Amino acid sequence: MTHDVIRHLLDDYVTGDLPEDARAPVADHVATCAACSAEVDSLRRILARASELPAAIEPPAEAWSNIREAILRDEKAVATPIDRVAMFRRRPMVMGAAAAILVAVLSSTVTAIYLNSRQPSGVTTVRVADATPATLAAFTIEENNYLRTAAALQDVLDQQESVLAPETVAQLKASLRTIDEAILEARNALARDPSNKLLVEMLSANYKQKVDLLRRSTEMTRGT
Amino acid sequence: MKTSAVVSDTIEPFPSTINGDTTATLDCIQRARAGDVGAFEILYKEHSGRVYALCVRLQAGDRSEATELMQDVFIKAWRRLETFRGESAFSSWLHRLTVNTMLENARSDRRRSARVLSMEDTSLLPGAARSTSIDLKMDMEEAVASLPRGARLAFVLHDVQGYQHQEIAEQLGVSVGTIKAQLHRARRLLRDRLEGSNEGFDQ
């Protein structure tokens, strides 16, 4: 290979992208050509400096606030489970609004399913596990009852928790957080697949579990 | 908790491992996909530094534009988390999203879209003009920022981020030959700007 050919191969030679059978002739030439040798050294210095660039640069502090604000506008976003517990505990009135939203969402679902059910036969495909309008309507009522009961029990527990051992309180809160996460997960899954009867049942079981735990906890504070 | 696992498995089986991602990251991804903003904030804190560094370099060192790009990237990441299937590390997915977002933004800007990776036009760009007039040594970050757009993209993605020629070519929609030519040009311009050299094969 001539100098004019090899000079165009130096980038691949330095980065290791040159095919094996072409490496030896290029290496032989570089060893005897001052210009190509200097070029190779120069390329290696550039690549070394590129590898020394910092992998991370701290972004401006306000960036996350802007991102958070934008994604909270998405209907998918919900408060974290911990935030939700705090919301119900500190601001009982919020629960009414949340319940109203849930009623609206499920009512829309019921309507959509109802409308689908009125399409000519053969158009609508109904799965075995699909939730029926009656199921969802019943669940709407059930969900609101659970929310109201859970909030009331949470208030009682908040007022009485000082009588419990700190480690018991910590364990209770951890358990409630776990249940809230399961509720959140099932709730979002149901939002994606609103006609899934299995999800309705799971969410219902999660609510029941939360109410049961809160009820047992308040009974503990009374020593019963 | 059993009920939580059952819900997750019923809806979307999630891989137990993802290339290079920790269990904590996987957990955050799963929770963020379900709408948990707090989990997404953890992912942001873990990855924003690297994404922002990439944005700064793709945006020629303009911190304001880099911040806007990074914000766009994470907002899109939030909305597209459902499409992350764990076929690559979450960081790789984010970096591809960053480059794609930058390209989408560029396409929406007529002045830029006509010049993306155009070999003929790079000499008309501000960065290219500086290559013949600048005679002061620069630091590496400044020198990369001063490169013409096509050369800068190729250099940042290949020599800084470590992508292969073929990967970059596919992502940018150009040939491998174009990427190699842009890399060649970028490295010579950097040599000139960093070492004050105006000698070499391409002068």
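This is a predicted model: local features need pLDDT of at least 70, side-chain atom pairs count only at pLDDT 80 or more; totals for chains, interfaces and linings use all residues.
Residues count from 1 along each chain as written, chains are lettered from A and ligands numbered from 1 in the order written. Local features need pLDDT of at least 70, side-chain atom pairs count only at pLDDT 80 or more, and totals for chains, interfaces and linings use all residues.

**Exercise 1.** Describe the fold of chain A.

- Count the elements: chain A has 10 helices and 0 strands. Helices (H or I, at least four residues) and strands (E, at least two) are DSSP runs, numbered from the N terminus.
- Check burial: 28% of the 224 residues in chain A are buried. Buried means 20 or more other C-beta atoms within 10 Å of the residue's own, with C-beta atoms placed from the backbone.

**Exercise 2.** Describe the side of chain A that touches chain B.

- Take the totals: chain A gives 43 residues and chain B gives 41 residues. Contact means C-beta atoms, placed from the backbone, within 7 Å.
- Find the elements: α4 (34–51), α5 (62–72), α9 (166–192) and α10 (197–221) of chain A each give two or more residues.
- Sort this side by type: 26 nonpolar, 7 polar and 10 charged. Asp, Glu, Lys and Arg are charged; Ala, Val, Leu, Ile, Met, Phe, Trp, Tyr, Cys and Pro are nonpolar; the others, Gly among them, are polar.

**Exercise 3.** Work out how α5 (residues 90–107) of chain B packs.

- List its buried residues, among them Phe90(B), Trp93(B) and Met102(B).
- Locate the partners: the buried residues of α5(B) pack against α2 (23–33), α3 (37–58), α4 (63–80), α9 (149–160) and α10 (165–172) of chain B.

Definitions and conventions. Two residues are in contact if their C-beta atoms, placed from the backbone, lie within 7 Å. A residue is buried if 20 or more other C-beta atoms lie within 10 Å of its own, exposed if 12 or fewer, and partly exposed in between; C-beta atoms are placed from the backbone.
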